[in-house]
Amino acid sequence: MFKIYRAILIIIALSCFSCELKSKTALYLERGLDILSNRKQVDFSFNEEIVIEEIGVIRDKKENKKTLVFKLQEDVTAGDLAGYVLGVRAVIRGKGNKKRVEEWDFKPVITEVKNTRYLVKDIHVKEDKIQEFTVYLYRVGDGEKHVQGNVLTVNNLYTYND
């Protein structure tokens, strides 16, 4: 009987330990962003194939980072995103109400967690709010950006969630 209790305690301890190893981002992605307080429902189509359902920023104080998350429609594939760059432009008001613009462009790579697809990008911003947030797809040709499809603009995207 003692061996059974001991085995159960070991299993419980190991499962608790493994939970602590997961990052905050991984936990939010596993839950489908359902508990992320600052997510925004956008249901936005760049084109017929690529649709973003929600946008959010996950702040992880422990790791001292923020992660920008785009929840994709379930039928978006890596092939749909091939050849594109995701352009991300943020207008932020800092100390003294001084405005600055940050750009976080990246090649979109799908992260799939429990059959939900995301695009994720670590961002470096201290402020708790992005006043204007613009997202678009583009291709590079002749050394220039060529915007493809529709452009999404979101006002007041908060960058904290706890």
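These points walk through the strands and cores of a predicted model.

1. Start with the main core. The largest nonpolar core has 28 residues. Ile-55, Leu-68, Phe-70, Leu-86, Trp-104 and Phe-133 touch the most other members. Several strands give two or more residues to this core: S2 (51-60), S3 (65-72), S4 (85-93), S7 (116-123), S8 (129-141) and S9 (144-158).

2. Look next at Phe-70. Which residues does Phe-70 contact, leaving aside its neighbours within four places in sequence? They are Ile-52, Glu-54, Ile-55, Leu-86, Val-88, Phe-106, Arg-117, Tyr-118, Leu-119, Phe-133 and Val-135. Phe-70 also stands opposite Leu-119 in S7.

3. Is S3 mostly covered or mostly open? S3 is mostly covered, with seven of its eight residues buried. In soluble globular proteins, nonpolar side chains tend to be buried together.

4. Now the partners of S3. S3 pairs with S2 in the antiparallel sense over eight bridges. S2 and S3 form a hairpin, with four residues between them. In the turn, Asn-64 has a positive phi of about 55°. S3 also pairs with S7, again antiparallel, over six bridges.

5. Turn to the open sheet. Four strands form it, in the order S5-S4-S8-S9, and the pairing is antiparallel. Strand S5 (99-103) and S9 are the edge strands, and each pairs on one side only. From one strand to the next, the twist averages 20°.

6. Finish with S8 and S9. These strands pair in the antiparallel sense over 11 bridges. Gly-141 has Glu-144 in S9 as its bridge partner.

Conventions:
Residues are numbered from 1 along each chain as its sequence is written. This is a predicted model: local features need pLDDT of at least 70, side-chain atom pairs count only at pLDDT 80 or more; totals for chains, interfaces and linings use all residues. Side-chain values use heavy atoms; hydrogens and water are left out. A nonpolar core is a set of buried Ala, Val, Leu, Ile, Met, Phe, Trp, Tyr and Cys residues joined through side-chain atoms within 4.5 Å. Buried means under 20% relative accessible area, exposed over 50%, partly exposed in between (1.4 Å probe, protein chains only). Contact means heavy atoms within 4.5 Å. Two strands pair if DSSP finds at least two bridges between them. Axes are lines fitted to C-alpha atoms, for helices over the stretch in contact, and angles run from 0 to 180 degrees between N-to-C directions.
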